[in-house]
Amino acid sequence: MRNMTYLPGVSTLTLDTSRCNGCRTCTLVCPHAVLKMANGHAVIGNRDDCMECGACALNCPQEALRVTPGVGCAAYVLQTWFKGKEAACCGESGCC
Ligand code: SF4
Ligand code: SF4
């Protein structure tokens, strides 16, 4: 899923580099390669590529990453791929 921008300027992703131990786990689990390594710690590349799936925050052993899954309605985007726009729903209140 490279080269796929999600929604511009809406991602809730944050990274506290002071907590990062450089384990690289986030770079391995991110489906959009948003997180990269630089100078021994993770950095956010193109934030607009983040679909707020939460995988990086869930797997970070240092709790250096935070993101609010669902705000960007990532589930909705995924369901449009599999079910089509008519049947998709992210489950958030007010979505459908
Ligand atoms: S998973 Fe957490 S500790 Fe590991 S490189 Fe990423 S931000 Fe740093
Ligand atoms: S929330 Fe998902 S898409 Fe966004 S940076 Fe983390 S792993 Fe990548």
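Modeller: A residue is called buried if 20 or more other C-beta atoms lie within 10 Å of its own, exposed if 12 or fewer do, and partly exposed in between, with C-beta atoms placed from the backbone. Glu-63 counts as exposed because it has 9 C-beta neighbours inside 10 Å, whereas Met-51 is buried because 26 other C-beta atoms lie within 10 Å. Buried residues make up 26% of the 96 residues in the protein.

This is a predicted model, in which local features need pLDDT of at least 70 and side-chain atom pairs count only at pLDDT 80 or more, while totals for chains, interfaces and linings use all residues. Residues are numbered from 1 along each chain as its sequence is written, and chains are lettered from A and ligands numbered from 1 in the order in which they are written. The average pLDDT (the predictor's confidence in each residue, from 0 to 100) is 81, and 65% of the residues score at least 70.

The protein has three helices and four strands, in the order β-α-β-β-α-β-α from the N terminus. Helices (H or I, at least four residues) and strands (E, at least two) are DSSP runs, numbered from the N terminus.

I turn to ligand 1. Its shell holds 14 residues, of which Cys-20, Cys-23, Thr-25, Cys-26 and Cys-60 are the closest; a residue belongs to it if its C-beta atom, placed from the backbone, lies within 6 Å. Helix H1 (25–29) and strand E3 (41–44) are the elements that give two or more residues to this shell. Its composition is eight nonpolar, five polar and one charged residues. Here Ala, Val, Leu, Ile, Met, Phe, Trp, Tyr, Cys and Pro count as nonpolar, Asp, Glu, Lys and Arg as charged, and the others, Gly among them, as polar.

Around ligand 2 there are 15 residues, with Cys-30, Val-34, Cys-50, Cys-53 and Cys-56 coming nearest. Twelve are nonpolar, two polar and one charged.

The largest nonpolar core has 17 residues, and Cys-26, Leu-35, Cys-56, Cys-60 and Leu-65 touch the most other members. Such a core is a set of buried Ala, Val, Leu, Ile, Met, Phe, Trp, Tyr and Cys residues joined through C-beta atoms within 7 Å. Cys-60, listed among the closest to ligand 1, touches Thr-25, Cys-26 and Leu-65 beyond four places in sequence; contact requires C-beta atoms, placed from the backbone, within 7 Å.

Strand E3 runs antiparallel to strand E2 (residues 35–38), to which four bridges join it; two strands pair if DSSP finds at least two bridges between them. Leu-35 stands opposite Ile-44. The two strands form a hairpin with two residues between them, and Asn-39 in the turn has a positive phi of about 55°. Within E3 lies Val-43, which contacts Lys-36 and Ala-38 when neighbours within four places are left aside. Val-43 counts as partly exposed because it has 14 C-beta neighbours inside 10 Å.

Two loops also deserve attention. Arg-24, in the loop between strand E1 (14–15) and H1, has a positive phi near 75°. Met-51 lies in the loop between E3 and helix H2 (55–59), and its C-alpha atom is 8.9 Å from that of Pro-31.

One caution concerns residues 92–96, where pLDDT stays under 50. Where pLDDT is low, the predicted coordinates should not be read in detail.

Methods: Contact = placed C-beta atoms within 7 Å.
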